[in-house]
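Please look through the structure shown here.

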Amino acid sequence: AQAGVVLAVQPVVEVVDAGNNLVATDTSAVTVELVGAGELSGTKVVTAVNGVASFTNLQISGAPTSGLLLRFTSGSLASANSIALALEAAPTAPLEVVPEAPSAAAASTIALRTAPSSSVQSGVVLAVQPAVELRDASNNVATADSTTSVTAEVMGAAELLGTKVVTAVSGVAQFTDLQLTGTAAASDITLRFVGANLASADSSAIALEVAAPAPPAEAPAAAPAATLLALATAPSA
């Protein structure tokens with residue numbers, strides 16, 4: 001038997017007469033006790049049913065040893081002993097080695113995730129707003145970074161308007177309302193995205209279109225000068 005483990009085979013005892021025949025009408029209470037160094041636990045008193053007492057959850061605990069006995073008694077009935085039992089140490093569960101979760105690598109560079117519109121109208125919000133990623137030295141998105149601020153700058157003859165500083169969320173900075181303005185059309189405008197201690201990223205060239213100015217409004221024609229009177233409604237005759 002293993003210490004602290006329910007016996008794989010539970011004992012069953014019979015109440016028999018002098019001729020060793022089962023007394024099927026007997027309902028005596030049968031008690032089991034341990035003889036030897038150890039502790040017996042479980043349901044140790046069982047009432048016989050049709051002369052049979054079946055134990056169900058006995059277990060022995062203690063240091064490994066041999067020569068243990070289970071003794072079964074019931075009032076004035078002659079007792080019965082089991083064969084000798086050896087008690088073995090309970091098996092120990094193997095130690096589970098839990099690998100340490102890798103620490104998140106810090107961001108080292110900015111990479112373009114969504115490129116801005118390649119052609120824009122001056123003074124109109126970009127139809128496609130840029131998004132950038134913060135990446136570590138292994139080029140993985142630094143998803144643990146939700147604190148770094150990314151600033152958008154314009155390179156070229158134009159002015160950048162809108163929310164130019166955005167804080168990353170899970171390693172991604174999404175711009176929402178950028179627009180370019182200028183007084184003359186240009187085809188070499190770029191957006192540069194920078195962050196503290198991070199390598200910057202540039203967009204591809206953007207073409208800036210400027211609408212032609214509306215022609216001046218014409219002055220209204222002068223009203224003609226009055227020269228005579230005309231009867232609009234004649235009086236009654």
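Helices (H or I, at least four residues) and strands (E, at least two) are DSSP runs, and they are numbered from the N terminus. Residues are numbered from 1 along each chain as its sequence is written. The model is predicted, so local features need pLDDT of at least 70 and side-chain atom pairs count only at pLDDT 80 or more, while totals for chains, interfaces and linings use all residues; side-chain values use heavy atoms, with hydrogens and water left out.

Begin with Ser170, in the loop that runs between strand S16 (165–167) and strand S17 (172–174). Its phi is near 55 degrees, a positive value in a residue other than glycine. With a relative accessible area of 37%, Ser170 is partly exposed; buried means under 20%, exposed over 50%, and partly exposed in between (1.4 Å probe, protein chains only).

Asn197 also has a positive phi, near 60 degrees, and is likewise not a glycine. The loop holding Asn197 lies between strand S19 (186–194) and strand S20 (201–202). Asn197 is exposed, at a relative accessible area of 79%.

Where is Asp136 found? Asp136 sits in the loop between strand S13 (131–135) and strand S14 (149–155), and counts as buried at 10% relative accessibility. Leaving aside residues up to four places away in sequence, Asp136 touches Ala105, Ala106, Ala107 and Ser108, where contact means heavy atoms within 4.5 Å. Asp136 and Ser108 are 28 residues apart in sequence, yet their C-alpha atoms are 5.0 Å apart in space. The side chain of Asp136 also reaches the backbone nitrogen of Ser138, at 2.9 Å.

How values were computed
Polar contact = N/O pair within 3.5 Å; in protein donor to acceptor, adjacent residues only side chain to side chain.
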